[in-house]
Amino acid sequence: MSLAAQVFYLGRRSVIRILRQPANWIFPLVFPLALMAVNTGGLHAATNLPGFPSDSFVAFFLAFPFIQGALFATVNAGVDLARDIQTGFLNRLALTPMRSGALLAGHLGGVLAVGALQALWYLTVGLVIGVRFESGAAGALVVFLLAVLIVFAFGSFGALAALRTGSTEAVHSLFPLFFVFLFISSMNLPRNLIETEWFRVAASLNPVSYLIEAIRSLVIEGWNAEALALGFGIAIALAIVGLTLSSLALRGRMART
Amino acid sequence: MRSILSVAGAVAWRMLHNNFSTPSLLIPGLVFPLFFFTAFAGGLSRVNDVPGFQFPVGYTAFQFVFVLLQSAAFAGVFTGFGIVRDFESGFIRRLMLAAPDRRGIVLGYLFGALGRWIVTATVLTIVAVAVGMQIGGNGVDLFALYALAVLVNFCGLLWASGVAMRLRTLQAGPIMQLPVFLCLFFAPVFVPVALLAHWLRVIAHLNPVTLLLETGRSLIAGDATHVAAAFATAVALVGVFSVWALRGLRKAEAAGG
Amino acid sequence: MDRAIEVRGLVREFKGGIKAVAGIDLDVAPGEIYGFLGPNGAGKSTTVHMLTTLLPPTAGTARVGGFDIVKQGPEVRKTIGAALQEAALDPLLTGREHLRLQLALHGIPRSERPARTDELLERVGLRLAADRKIGGYSGGMKRRLDLALALAHRPRILFLDEPTTGLDVQSRSALWDEVVRLKREDGVTVFLTTQYLEEADVLADRVGIIDHGRLVAEGTPAALKSEIGRPTIEALPADGTDDGTLEQVLRRFGALQPSTAGVAVRLDGQGDLADVVRALDAADVRVADLHLHAPTLDDVFLAKTGRSLEGSEEAEAEPE
């Protein structure tokens, strides 16, 4: 059987498993938007701050659900992979002619499929509640592509955690760590308006800030080459690092001859 | 009464012993409130400059009150997770067999949640003071603030234990957490009520947490308002959730634990 | 192919110098059921993991189905099926979905998969439960599905790692029947690890007994038991005490053995149980009870290791 076919079957299984755990896809669809509603409702007055880049806090904050949704998809899929290791299902797959790369690709394929659906959903909700993309339809498409790339990058780190630890609890415990990266960022305010210096520095060092700012720039600014270059560059770099490390971890985990 | 208290003491001792001797239980309970405090007070301090925002003792104190109440509520909810684990492991049957008056079990969980939160609140207060939080209230005001937080802690635990005793499975987790989260965040978290978006302002006015939060903030500012109403509300909520929890206990008994 | 499985000096060492398998030599003929018996922690599962290519050996060689387990891993995997110690099932998939995935990964043509799936489900008695998720299956059903998955691609050699642990008597018996059928009708070679004496005794053509990573005995169950000795007969006198007549009769059949409640002799070939009964009857000796104690594989283990197999447990070295 070809590698592509193996990836297809394993990816299909990955998607089926996610769909059969409603909490794993309903929650990521609903919760980031609920949090967005709360934050925009609570902070909409921040648009009155001198130098705030938009008069719509919703438009400013729309980048957030893409990142948080990617986070949920990553942890949930990572837990599924860790469960395969814990239950011995990985050994069952290892006894077939399955190529080890197919396992990782299939797993990430499933994450990507869910991530793509999520991204479409957030875009749709954003448009329905009246957010206008300064970069137009093309910009919305680029947002979608960047969001899927971010899901892929985060997903590879979730797979890494699963393959290294083989433990669902360990993967779950990643969630707070990702949360920290999400909150200590330019999620709520642009970096130049963050008054507390250490926070501003931390947000500037945090790669998640640039992912958020890249998406945000397409919504509230138009075509900002620097923001897009940084966002895509960091997403690609994270994807390469995550994929490399998780491939190595897979090799160690499946020590078959 | 004596038998209830002895059962409660034993249950509380076990909960606290397990919590403080297990890093994976202890650390998140301490770290998360500190993290939220840092993210909100540090990252959003500029909100102090939003036109119409007037809080005499500064944004750090403004956020401290929210995080204090949030940590109190979630200390209760996380203790609820422990109750679920007791059901899943079967340990609850041991407690039910041994306790002459099973209401002592719920009371014990309550004391356990309180003990857990007292440590968190102490650490949070020390950190807040260390970073220069201003306090306008006197000793009585602060006592009232912490007393209010204790009642919120009780509400969190009684709600969670009622859910845990009805569902008796880890699937209860999201049901325990989500309503508490929504109640906390559909409130003036980042800015006073007057600066919220209209739709959120309407919900916040209906949300009892808003009264508790605003009263708490008035206490720390040294300008106590609506204290009687806030305590009456909190006590009433404790009463309602007590009935919820005790009825949950009866359902658990009927199901055989 | 002379031998289905050929093992020479197989060793597996883990971190800290723990030797889970300390040098094993064994051969399994094609179509044979080989029972690999030992207590927990003896090295059974580690051996199976190496022979099924899931774990590389530290030293030694082995050929499975004629292929080297280290150099020809993919060829070995095409030849074998394995039902390992954990049932290793996905609780979110149905039985049918498991089989379809397994068949797809083994490259069975799409057109053949539905029929093969139905055939396997029928064979293991899961046709009615095929479209239910595994989470709703009993332990016995999971084991049966596990076996079906192991047989999906018609392997010539089947590894079963403690397949009946935790099963009820009925499920165990059904699984035994299937193992015997596989050998008899399909000529499948079965390498079966177990900690149950009865299972090895009933199923295996030959048994290898492993302890602390080494093979301490090997042979047919009957040969191993006869190596240890002949059966013992123990008689309890009807009135509680013997005036010497019972002992006199029994001594004709073998040497006296210690007995707490009556008189016991180890049969030396002068007669069997029937002969003893006739002799007691002829001498008008009344007995309350008469026991024939045949040597068991546990006796074999005891003789070889100084310990009893039953109740003898150690934690197996953790695979890396």
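## Burial and overall form of chain C

In this predicted model, chain C has 320 residues, of which 42% count as buried. The C-alpha trace of chain C spans about 80 × 45 × 35 Å along its principal axes, and eleven helices and 14 strands are found in the chain.

When contacts within chain C are taken at a separation of 6 or more, 69% of them are accounted for by residues 24 or more positions apart.

Helix α3 of chain C, which covers residues 95-105, is largely enclosed by the rest of the structure, because ten of its eleven residues are buried. A residue counts as buried when 20 or more other C-beta atoms lie within 10 Å of its own, and among the residues of α3(C) that are buried are Gly95(C), Arg96(C), His98(C), Leu99(C) and Arg100(C). The list of buried residues in α3(C) also includes Gln102(C), Leu103(C) and Leu105(C).

The cover over these buried residues includes α4 (113-123) and α5 (139-151) of chain C, together with α1 of chain A. Just after α3(C), Gly107(C) takes a positive phi of about 75°.

## Where chain A touches chain C

Between the two chains, 20 residues of chain A are in contact with 25 residues of chain C. On the side of chain A that touches chain C, the elements giving two or more residues are α1 (3-19) and α5 (89-94) of chain A, and the residues of this side divide into eight nonpolar, seven polar and five charged.

How values were computed
Residues are numbered from 1 along each chain as its sequence is written. Chains are lettered from A and ligands numbered from 1 in the order in which they are written. This is a predicted model: local features need pLDDT of at least 70, side-chain atom pairs count only at pLDDT 80 or more; totals for chains, interfaces and linings use all residues. Two residues are in contact if their C-beta atoms, placed from the backbone, lie within 7 Å. Helices (H or I, at least four residues) and strands (E, at least two) are DSSP runs, numbered from the N terminus. Ala, Val, Leu, Ile, Met, Phe, Trp, Tyr, Cys and Pro count as nonpolar, Asp, Glu, Lys and Arg as charged, and the others, Gly among them, as polar. A residue is buried if 20 or more other C-beta atoms lie within 10 Å of its own, exposed if 12 or fewer, and partly exposed in between; C-beta atoms are placed from the backbone.
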